Amino acid sequence: MTQTYSDYKTILFDRPAEGVLRLTMNRPEKLNALDWVGHTELAEVWRLIDADPEVRAVILAGAGRAFSAGGDLEVVDDLINSFEARSRMWKDAKDLVYNIINCSKPIVSAIHGPAVGAGLVAGILADISIAAKSAKIVDGHTRLGVAGGDHAAIIWPLLCGMAKAKYHLLLCEPVSGEKAEEIGLVSLSVEDDQLQDKALEIAIRLANGAPNAIRWTKYAMNNWLRMAGPAFDTSLALEMMGFGGPEVVEGLASHREKREPDFTKFPG
């Protein structure tokens with residue numbers, strides 16, 4: 001496990017205010033799509049933060065034009081072709097969700113531009129999620145040809161209700177930051193140019209609050225997510241099983257060829 005912030009290669013760290021640590025996903029040339037290193041780092045870092053006595057609140061942001069554009073397509077290739085890769089991703093994806101849930105420090109996400117994949121996992125699971133009005137949030141799993149497993153089952157129905165969750169997850173229907181606030185998927189939506197300032201303002205308020213009261217409140221409320229753990233574990237296992245099947249091959253090819261996938265050739 002990475003031991004210090006300076007060891008991280010895909011995340012930048014700074015401290016914009018006393019007690020506040022800001023994490024910035026930093027692959028702007030790839031719209032912060034996560035490769036293997038980035039995915040593992042985003043999963044691990046919450047343990048380090050949890051143990052850091054100088055951190056009282058956290059901000060998660062993305063560099064450049066996107067919050068995170070999902071997973072690197074080379075990672076998807078690996079998942080299709082390798083049982084070992086699927087086993088590794090099952091652990092990384094599980095750790096990402098549970099490490100965020102169990103991190104005692106309050107987390108604020110500042111979501112802008114495209115928000116997909118593992119980056120979206122962290123953004124939606126943040127204790128206070130703030131989205132720019134123009135942000136484009138989408139869970140693209142079924143469009144790729146695998147089950148929505150990396151966080152959707154554990155939190156989307158709790159945030160926006162089962163009907164809305166199924167609509168957006170089954171159809172991969174995008175939702176803007178403004179609409180995400182309306183349906184309860186994020187805590188707050190603000191004008192694009194106010195996003196980072198608002199995230200910092202809220203993080204400072206959290207950092208200045210009663211630390212034990214805030215952390216214990218978070219812990220108690222996150223028991224709703226812990227109770228949903230079996231649903232998440234099932235969805236993640238089914239997602240990994242899907243990477244060994246034929247539908248994802250068509251889904252990935254359609255992404256690369258910039259066309260709609262043809263899933264009608266698979267038995268229903």
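A residue counts as buried when its relative accessible area is under 20%, as exposed when over 50%, and as partly exposed in between, with a 1.4 Å probe and protein chains only.

The structure is a predicted model, in which local features need pLDDT of at least 70 and side-chain atom pairs count only at pLDDT 80 or more, while totals for chains, interfaces and linings use all residues. Residues are numbered from 1 along each chain as its sequence is written, and side-chain values use heavy atoms, with hydrogens and water left out.

Let us start with the helices, which are DSSP runs (H or I, at least four residues) numbered from the N terminus. Helix 1, residues 36–50, packs against helix 3, residues 83–102, at an angle of about 30°, and their axes are 9 Å apart. Axes here are lines fitted to C-alpha atoms over the stretch in contact, and angles run from 0 to 180 degrees between N-to-C directions. Helix 1 is therefore roughly parallel to helix 3 (angles under 35 degrees count as roughly parallel, over 145 as roughly antiparallel, 65 to 115 as roughly perpendicular and the rest as oblique).

Now follow helix 3 to another partner. Helix 12, residues 229–242, packs with helix 3 at an angle of about 150°, with the axes 10 Å apart. That makes the two helices, helix 3 and helix 12, roughly antiparallel. Residues of helix 3 including Met 89, Trp 90 and Tyr 98 meet residues of helix 12 including Phe 232, Leu 236 and Met 240.

Next, look at the aromatic rings. The structure holds four aromatic pairs, where rings of Phe, Tyr and Trp (its six-membered ring) pair if their centres lie within 6.5 Å, and planes under 30 degrees apart count as stacked, over 60 as edge-to-face and the rest as tilted. Tyr 98 and Phe 232 have ring centres 5.4 Å apart and planes at 80°, so this pair is edge-to-face. It links distant parts of the chain, for Tyr 98 lies in helix 3 and Phe 232 in helix 12, 134 residues apart. Phe 232 is buried, with a relative accessible area of 0%.

The rings of Phe 263 and Phe 266 have centres 6.3 Å apart and planes at 40°, so they form a tilted pair. Phe 266 is buried, at 18% relative accessible area. Finally, ring pairs join Tyr 5, Tyr 8 and Phe 13 into a cluster.

Definitions and conventions:
Contact = heavy atoms within 4.5 Å.
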